[in-house]
Amino acid sequence: MVCFLNRGDLDKFFNPRSVAIIGATHKEGKVGRVILENFIKRFKGRIYPVNPKYGEVLGLKCYRNVKEIEDEIDLAVIAIPAPAVPQVMKDLAEKGVKAVIIISGGFRETGTEEGRRLEEEIGRIARENNIRVIGPNCLGIYDNWTGVDTFFLPDEKMKRPPRGEISFISQSGAFASALLDWMALHNIGISRAVSYGNKIDVDDVDLLEYFAEDEKTGIIIMYLEGLREGRGREFIEVARRVSMRKPIVIYKAGKTSRGGMAAASHTAALAGNYAIYRAAIKQAGLIEAMSFDEIMDLAKILLTQPLMKGNNVYVVTDAGGVGVMLTDALTMQGFNMPRTPPELREELKRILPPHCIVENPIDLTGDTDDERYIMVLERLLPRDDVHAVVVVALPQVPGIKGSIIDYLVEAKEKYGKPIITIMIGSEEAEKFKSKLEDNGIPAFESPERAAVALRALYEYSMFRIRHGGEK
Amino acid sequence: MDPREIVGKALEEGRRKLLEHEALEIVKAYGAPIAEAKLAKDPEEAVKIADEIGYPVVLKIVSPDISHKSDVGGVIVGLKNHSQVLEAAKKIFENVRRNAPKARITGLLVQKMAPPGLEVIVGGLRDNVFGPVVMFGLGGIFVEVLKDVSFRIAPITEEDAYEMMKEIKSAKLLEGYRGQPPVDKKSLAKIIIAVAKLLEENEEVESIDLNPIIAYPDSAVVVDARVILRLK
């Protein structure tokens with residue numbers, strides 16, 4: 001039940017019919033201007049600038065106070081100096097606004113007594129009036145479907161990614177904007193992104209719950225520094241429940257231990273903050289990314305591939321060296337690379353030229369063409385003892401024309417098994433890579449990254465299978 | 001004594017740390033097997049207890065004012081009979097009177113010596129984000145130098161406890177090495193779960209160290225227990 005209430009509450013943030021922008025201005029470079037421009041550009045609902053200094057901003061009627069707006073306001077965005085925020089919160093309470101994003105900084109994060117006092121005051125006003133708050137000190141929301149965009153970085157500084165299925169929850173605003181910009185460059189789609197800053201109210205747990213129910217979210221990425229005190233158990237419970245439905249990739253920042261803690265016991269001395277978070281991550285069924293590269297590698301494999309039902313991996317390659325590298329990388333990740341079973345070996349020998357290697361990794365060698373891959377994969381993919389296939393089709397090989405790509409796209413649907421590829425090279429490889437990825441077959445630039453990503457898929461699959469969920 | 005009473009009494013007396021017999025008793029109350037131990041008031045009672053629980057035994061001074069018992073001559077191990085216990089008990093009281101004259105003496109702990117086995121450590125603490133957390137590791141250099149330990153957030157299942165044991169890098173040692181049989185993981189799991197439960201049910205407990213626990217092929221016993229409380 002809580003879940004539904006939460007969703008109802010948070011829906012106003014992502015899908016408001018009307019928004020008031022407090023601190024809206026026409027002054028170049030001001031946060032209040034960028035946010036207003038963002039809304040004018042992409043938001044389909046009604047927009048109300050609020051600023052006592054102006055009667056009109058960027059062609060829209062400007063209100064002196066939010067209370068003067070006759071319309072009902074679903075969402076308010078605050079971008080004014082911190083000391084003025086409490087009064088605005090009181091006005092919003094009077095107006096009956098229930099969802100507020102406070103972009104402004106100058107609160108607890110300053111470490112000052114004044115900042116702490118202001119934060120407590122806005123928290124109190126929010127609680128007393130049942131107002132849900134995102135922030136303060138945050139970028140707020142970027143929603144690719146409804147056009148809610150409080151990321152106060154103009155389009156020319158931060159490109160907006162295309163629409164997609166990834167939703168992103170970030171404790172760091174700077175990281176959120178950098179990631180979105182990077183995703184835009186690489187044409188990776190985003191659904192919704194949230195930077196929650198000081199999280200005096202809406203936090204990771206609420207957002208996970210919201211995205212779990214959100215049909216536009218296929219996978220959730222989290223950048224987390226730390227949870228609120230006492231929120232750990234709820235986090236594990238909710239994350240576990242959400243993980244049963246969609247994967248959550250987490251990057252935990254702040255991995256070094258809290259060395260200063262007085263060690264009253266052995267256990268306390270050993271229990272670094274990160275050691276405990278790692279336990280929580282595991283218990284919640286989250287997938288941990290250890291680096292920036294991994295965040296995206298994991299996201300793309302988890303988003304596109306079906307569950308992996310066991311740990312037998314076959315490699316089909318046109319480059320012997322990459323086959324060996326993959327064997328090492330996959331084995332190091334704990335995968336089993338079985339020897340090709342006798343009957344399959346015989347069959348492959350029969351259909352392949354004699355210089356091909358039929359032992360796993362199956363090496364079709366440099367004179368291969370697309371057809372040779374298709375013949376082999378048609379015999380591998382239907383087998384129950386094959387749980388995933390890594391295809392290395394380096395395009396430098398002259399015989400590779402590209403029909404293998406169409407085949408892989410069809411085979412993924414037909415056999416319902418994870419298929420990933422390694423693509424190393426320049427323009428031709430990039431071309432193949434985009435075609436594969438546009439069709440839901442991830443392409444990795446290195447065997448090691450592919451192995452790490454596949455391992456994440458395997459672990460997530462095992463979590464889902466163990467707990468009875470389905471994809 | 002009931003766990004609540006033990007904790008209540010310590011807090012009443014303003015003690016942040018449970019006395020050793022209290023600590024052992026409280027973990028025992030949660031189902032962890034301990035090396036049998038009883039508190040004696042004087043050397044004569046120590047002998048009586050030793051006869052009761054069986055030899056060999058170890059004697060340890062129990063005092064709220066002494067945290068490093070060996071430093072004041074407050075521990076004597078390997079006592080094999082009646083007369084050795086009597087003599088050792090007298091000697092400990094003497095040592096302590098001389099080396100820590102101001103210390104309040106609660107009594108003398110008589111504990112059954114556990115035969116050698118694989119030393120492991122189970123711990124618990126209260127984290128301000130996650131609440132009760134449990135830890136598992138192998139004793140000695142594995143925990144001290146290599147910090148080879150695993151954690152879980154409570155509450156935990158038996159399956160979690162097994163996973164914790166499997167997760168440490170030196171997990172193979174639990175399976176037995178150099179011809180040794182594997183240790184009794186079921187007993188260890190029981191101890192891990194006991195620590196989790198103890199923390200969950202006693203908010204005043206801040207951290208726990210069961211170190212060492214000696215594991216055998218068919219059992220495991222807690223030899224030393226340290227329980228720290230938080231004062232209000």
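Modeller: A residue counts as buried if 20 or more other C-beta atoms lie within 10 Å of its own, with C-beta atoms placed from the backbone. This is a predicted model, where local features need pLDDT of at least 70, side-chain atom pairs count only at pLDDT 80 or more, and totals for chains, interfaces and linings use all residues. Residues are numbered from 1 along each chain as its sequence is written.

Colleague: What share of chain A is buried?

Modeller: Buried residues are 48% of the 471 in chain A.

Colleague: How many helices and strands in chain A?

Modeller: Chain A has 16 helices and 18 strands. These are DSSP runs numbered from the N terminus: helices are H or I with at least four residues, strands E with at least two.

Colleague: Which domains does chain A have?

Modeller: Domain 1 is 2–217 and domain 2 is 307–466. The bounds come from an automatic or database domain assignment. Their centres, taken over C-alpha atoms, are 45 Å apart.

Colleague: Switching topic. How many residues of chain B are in contact with chain A?

Modeller: 23 residues of chain B are in contact with 20 of chain A. Contact means C-beta atoms, placed from the backbone, within 7 Å.

Colleague: Which elements of chain B give two or more residues to that side?

Modeller: Strands E5 (118–127), E6 (131–138), E7 (149–153), E8 (205–215) and E10 (225–229) of chain B.

Colleague: And the residue classes there?

Modeller: 11 nonpolar, six polar and six charged on the chain B side. Ala, Val, Leu, Ile, Met, Phe, Trp, Tyr, Cys and Pro count as nonpolar, Asp, Glu, Lys and Arg as charged, the others, Gly among them, as polar.

Methods. Chains lettered and ligands numbered in written order. Contact = placed C-beta atoms within 7 Å. Buried ≥ 20, exposed ≤ 12 C-beta atoms within 10 Å, placed from the backbone.
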